[in-house]
Amino acid sequence: MNLPNKLTLLRICLIPVFVIVMLSQMNNFFLISCIIFILASITDFLDGRIARKHNLVTDFGKFMDPLADKLLVLSALICMIEYNLVAGWMVIIIVARELTVSILRAIAAAEGKVIAASGGGKLKTITQMLSIIVLLIGENFNNGLLLNIGFVCILIATLLTLYSGWEYLYKNKELFMNSK
């Protein structure tokens, strides 16, 4: 197994650690959760960069990297509902988009096509991750300004989520039009 795939697996392994810490309510759990989330997010940045730079792109990585991202972000957002850091309706939109795009990719794969990540999808993921980090830091330090910035960021992330979902559906509408 190559290094980018190991980094993807590390990200997946960090998810339950994040969730356990986030829901533990131990001292400084928001800060510790944030650090774990940042480490996991860094693996997302590194695995793709290393894979492309050293020609280590694999089918495993193509499948597991976006799945790991979705699991990380969705786990964090669902935990954050518990503390009223994000609105449930925002998380529902994000979950619905992720499921829709995953199903679209599965339909495409069944027809021998690959749907690459779009610029909108990448921006959505970055904005979601940044929102989570800002909200966790803001809550840890009880900083109203950071919490307000985090709210605006997650609102923007939700709008980008809607846009990128529409973008995937629109660009791949032939998968629905030609289905039997």
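Biologist: Which residues make the nonpolar surface patch of about 660 Å²?
Modeller: In this predicted model, W89, F151, V152, L155, I156, L159 and L162 make the patch. Helix α6 gives the most, with six residues.

Biologist: Why is L155 called partly exposed?
Modeller: L155 is found in helix α6. Its relative accessibility is 31%. Buried means under 20% and exposed over 50%, with partly exposed in between. L155 therefore counts as partly exposed. A patch residue needs over 30% relative accessible area, so L155, at 31%, passes that cut-off.

Biologist: Why is A117 partly exposed?
Modeller: The relative accessible area of A117 is 44%. That value falls between the 20% and 50% limits, so A117 is partly exposed. A117 sits in the loop between α4 and α5. Its C-alpha atom is 9.8 Å from that of S164, 47 residues apart along the chain.

Biologist: What makes the other surface patch positive?
Modeller: R49, R52, K53 and K122 form this patch. Lys and Arg count as positive, so the patch is called positive. Helix α2 (residues 29-53) supplies the largest share, three residues. K122 lies in helix α5 (residues 119-140).

Biologist: What makes up the largest nonpolar core?
Modeller: The core has 32 residues. M22, F37, L77, M80, I132 and L136 have the most contacts inside it. The elements giving two or more residues are α1 (3-24), α2, α3 (59-81), α4 (88-110), α5 and α6 (144-171). Helix α3 gives the most, with seven.

Key: Residues are numbered from 1 along each chain as its sequence is written. This is a predicted model: local features need pLDDT of at least 70, side-chain atom pairs count only at pLDDT 80 or more; totals for chains, interfaces and linings use all residues. Side-chain values use heavy atoms; hydrogens and water are left out. Patches are made of residues with over 30% relative accessible area and no salt bridge: like charges are joined within 9 Å, nonpolar side chains (Val, Leu, Ile, Met, Phe, Trp, Tyr) within 5 Å. Accessible areas come from the Shrake-Rupley method with a 1.4 Å probe; for residues, only the protein chains shown count as cover. A salt bridge is a side-chain nitrogen of Lys or Arg within 4 Å of a carboxyl oxygen of Asp or Glu. The place of a charge is taken as NZ of Lys, CZ of Arg, CG of Asp or CD of Glu. Helices (H or I, at least four residues) and strands (E, at least two) are DSSP runs, numbered from the N terminus. A nonpolar core is a set of buried Ala, Val, Leu, Ile, Met, Phe, Trp, Tyr and Cys residues joined through side-chain atoms within 4.5 Å. Buried means under 20% relative accessible area, exposed over 50%, partly exposed in between (1.4 Å probe, protein chains only).
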